[in-house]
Amino acid sequence: MGGITVSEVEDYLYAMLPPREEVLAEIETEAAKNDVPIVGPAVGRILYQLAIVSGAKKVFEMGSAIGYSTIWWAQAVGDGGRVVYTDGDHKNADKARRYFERAGVSQRITVRVGDALEMLSEEKEPYDIIFNDVDKADYPRVFRLALPRLKRGGLFITDNVLWSGKVAQPNPDAQTKAILEFNKMIYDSKDLFTTILPIRDGVSVCVKK
Ligand SMILES: C[S@@+](CC[C@H](N)C(=O)[O-])C[C@H]1O[C@@H](n2cnc3c(N)ncnc32)[C@H](O)[C@@H]1O
């Protein structure tokens with residue numbers, strides 16, 4: 001992932017990361033081989049840490065692919081915690097289910113296949129964390145849907161908000177425009193306190209006031 005940090009600094013940060021357990025390491029290998037855009041270990045650790053410090057027990061994940069970030073959440077919420085996996089692709093969900101079994105976290109995860117925005121819109125109970133990693137063009141719509149479904153003090157976390165640095169380049173394409181609109185929304189919102197972490201492809205962390 002280029003365009004945000006100096007590549008030598010990026011290499012340094014990744015070289016320092018402790019090894020992951022077997023299943024996460026295997027997903028990283030599969031993702032690299034098949035071009036599955038997972039958050040990777042540096043961001044995985046942030047997700048885990050944010051869930052732990054906020055004491056999150058209920059996480060709704062939008063765009064889960066083969067379950068890499070889902071496993072980080074599931075490990076963080078602990079016994080009695082619940083993570084909703086969502087993806088539009090059945091094949092991804094089948095692979096993810098197998099990884100969840102092997103990682104010993106399938107009891108904590110509800111796998112749902114379909115449009116994550118539609119599924120979130122049907123949710124009634126507030127979540128501790130909503131994690132957004134769907135198609136970038138949908139980010140402004142996700143903002144509108146997520147806020148009412150987040151508890152007060154809950155976290156709204158989004159990946160790829162710096163989009164390989166394209167947010168700072170002239171002539172943004174449609175996806176970049178959507179991310180630019182989204183970033184303005186999360187900083188302008190009176191209901192959120194927002195920070196963007198410039199790690200990997202940019203992660204926004206918003207606390208609902
Ligand atoms: C960037 S990948 C998710 C990676 C995953 N969060 C991880 O880090 O391990 C995005 C995934 O979102 C799914 N997706 C995109 N838009 C979606 C939508 N509206 N509803 C459900 N899934 C969606 C795609 O099928 C893809 O697998």
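Colleague: In the protein, what share of the contacts with a separation of 6 or more comes from residues 24 or more positions apart?

Modeller: This is a predicted model, where local features need pLDDT of at least 70, side-chain atom pairs count only at pLDDT 80 or more, and totals for chains, interfaces and linings use all residues. Residues are numbered from 1 along each chain as its sequence is written, and side-chain values use heavy atoms, with hydrogens and water left out. A contact means heavy atoms within 4.5 Å. Among contacts with a separation of 6 or more, residues 24 or more positions apart account for 69%.

Colleague: Which radius of gyration does the protein have?

Modeller: The rule for a globule, taken over C-alpha atoms, is 2.2 Å times the number of residues to the power 0.38. The C-alpha atoms fill a box of roughly 45 × 45 × 30 Å along the principal axes. With 209 residues, a compact globule would come near 17 Å, and the protein agrees with that at 16 Å.

Colleague: How many helices and strands does the secondary structure come to?

Modeller: Both are DSSP runs numbered from the N terminus: helices are H or I with at least four residues, and strands are E with at least two. On that basis, the protein has 8 helices and 7 strands.

Colleague: What percentage of the 209 residues is buried?

Modeller: We call a residue buried under 20% relative accessible area, exposed over 50%, and partly exposed in between, using a 1.4 Å probe and protein chains only. By that rule, the buried part of the 209 residues is 53%.

Colleague: Is Thr 70 buried or exposed?

Modeller: Thr 70 sits in helix 4. Leaving aside residues up to four places away in sequence, Thr 70 touches Glu 61, Ser 64, Val 83, Tyr 85, Phe 100 and Ile 109. Its relative accessible area is 0%, so Thr 70 is buried.

Colleague: In which loop is Asp 35 placed?

Modeller: Asp 35 has a phi near 55°, a positive value in a residue other than glycine. At 69% relative accessibility, Asp 35 counts as exposed. Its loop runs between helix 2 and helix 3.

Colleague: What is the relative accessible area of Ser 164?

Modeller: Ser 164 is found in the loop between strand 5 and helix 8 (174-188). Its phi is near 55°, again a positive value in a residue other than glycine. Ser 164 is partly exposed, with a relative accessible area of 32%.

Colleague: What distance separates the C-alpha atoms of Pro 170 and Phe 100?

Modeller: Pro 170 belongs to the loop between strand 5 and helix 8, and counts as exposed at 63% relative accessibility. Pro 170 and Phe 100 are 70 residues apart along the chain, and their C-alpha atoms are separated by 42 Å.
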